[in-house]
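Have a look at the structure first, then read on.

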Amino acid sequence: MTSVPEPPSPVTSLTGPTRIGGSGADAFDPEHLLSMRRIAKNFGAVQALRNVDIDIPVGEVTALIGDNGAGKSTLIKAISGIWAPSAGQIFWKGKEVHIHTPRAATDLGIATVYQDLALCDNLDIVQNMYLGMEVTRFGLLDEIKMELATLKTLSDLSVTTVKSVRQLVGSLSGGQRQAVAVARAVMRESEMVILDEPTAALGVSQTAQVLELIRTLAAKGIAVIVISHNLTDVFSVADRIAVMHLGTMVSHGPIANYDTASAVELITTGESSRVPSTLSPAQ
C-alpha cells in the first residue's frame, strides 16, 4: 500500500499580522490592534518608507523614535489617512483595511494629536472639545450636556489642574492644552491615540502631567503611539520602542530590550551591537 505524504505544516505569513494558535487563517493575535506589513511610501523618486513592519498592542505605549527625516511623520500620516501607502498592507483588529482619508481613520477609532494641537484659543474648553460635533436639543446647543460630558472626560483622565471648563483655551498652560487635545480624542471613542511630540517645549511639571496622562490612556486599554525625541520621556513612559532610520524600521520590541545608549546607536546608525536588528534580509 502506497503511503500518502502528510501535508506541510502551515507557515506564518511574513506579510500578515502575527498569528497565534488556532486553526483558521483569521487566528490573529488579539493583542495587536494595528499591524502594518511591508509598508512603502514614495514621493516621486524619493522613497520615504521602505518595507516597514510594526505591531501596535492594545493598552500599551509604543514610542516611535528616530532622527529627523527617518520616516516617523510619514508613517504616522499613513496610519492617520493623510497619505495612502504606495505598497503594503494595514490590518486593524486582524482585518485588512484601507485608510485613504482622515475620516476613515477616525471611523476606525484612530485619533492623532499633532504638535500644534489644532485648538482654538478664542474658544473655551467645552467648545474646543465639541468643535464640529456639537450636541443640539430642539435645534439649540445643549450646553449642559456638553459641559457635563467634558467634565467627566477630564475627570476620567485625572486632569485636575483645569479650574473651569469654561476657560478660554488661550489662557491654559502647555500641559493643560495637551490634556484638552487628548481628552477631545478620547471623547470621540478612539481606540488608538497618536501623540506627536507631546512634551515638546513644556516645563518639568507640565511634562510630568502629560506623561501621567499617557499612562492613564494605556491603563484604560487605549493603544498609544508617542513620537518623541526626548529619550528620558520615552524610557519613563513607553512599554515598547520602535526605531526608524532612513525610512526603515530597524528595530522594535519591549522597552526592557533597550537602554539609552542602544537607542542612540540605532537612531544615528541604524544598528546596534546591543540590540538585534529586526530588518529582514530582503531589506
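Let's start with a contact between two charged side chains: Asp-121 and Arg-177 meet in a salt bridge, 2.7 Å from N to O. Asp-121 lies in the loop between β6 and α3 (125-129) and Arg-177 in helix α5, so this pair ties together parts that are 56 residues apart in sequence. Asp-121 is partly exposed, at 42% relative accessible area, while Arg-177 counts as buried at 18%.

Some ground rules before going further. This is a predicted model, in which local features need pLDDT of at least 70 and side-chain atom pairs count only at pLDDT 80 or more, while totals for chains, interfaces and linings use all residues. Residues are numbered from 1 along each chain as its sequence is written, and side-chain values use heavy atoms, with hydrogens and water left out.

A salt bridge here is a side-chain nitrogen of Lys or Arg within 4 Å of a carboxyl oxygen of Asp or Glu. Buried means under 20% relative accessible area, exposed over 50%, and partly exposed in between (1.4 Å probe, protein chains only). Helices (H or I, at least four residues) and strands (E, at least two) are DSSP runs, numbered from the N terminus.

| Asp-55 | Arg-37 | 3.0 Å |

Asp-55 belongs to strand β2 (residues 46-57) and Arg-37 to strand β1, so their bridge ties together parts that are 18 residues apart in sequence. Both Asp-55 and Arg-37 are buried.

**Rings**

The structure holds one aromatic pair. Phe-43 and Trp-83 form it, edge-to-face, with 4.9 Å from centre to centre and 75° between the planes. Phe-43 lies in strand β1 (residues 32-43) and Trp-83 in the loop between α1 (72-80) and β4 (87-92), so the pair ties together parts that are 40 residues apart in sequence. For the cut-offs, rings of Phe, Tyr and Trp (its six-membered ring) pair if their centres lie within 6.5 Å; planes under 30 degrees apart count as stacked, over 60 as edge-to-face and the rest as tilted.

Phe-43 is partly exposed at 35% relative accessible area, and Trp-83 counts as partly exposed at 31%.

**Helix α1 and positive phi values**

Seven of the nine residues of α1 are buried, so this helix is largely enclosed by the rest of the structure. Among the buried ones are Leu-75, Ile-76 and Ile-79. Just after α1, Gly-81 takes a positive phi of about 85°.

Most residues other than glycine have a negative phi. Lys-93 has a positive phi of about 55° although it is not a glycine; Lys-93 is found in the loop between β4 and β5 (95-97) and counts as partly exposed at 49% relative accessibility. Ala-118 also has a positive phi, near 55°, and its place is in the loop between β6 and α3.

How many residues apart in sequence are Asn-51 and Thr-248? They are 197 residues apart in sequence and 6.7 Å apart in space, C-alpha to C-alpha. Asn-51 has its place in strand β2 and counts as partly exposed at 22% relative accessibility.
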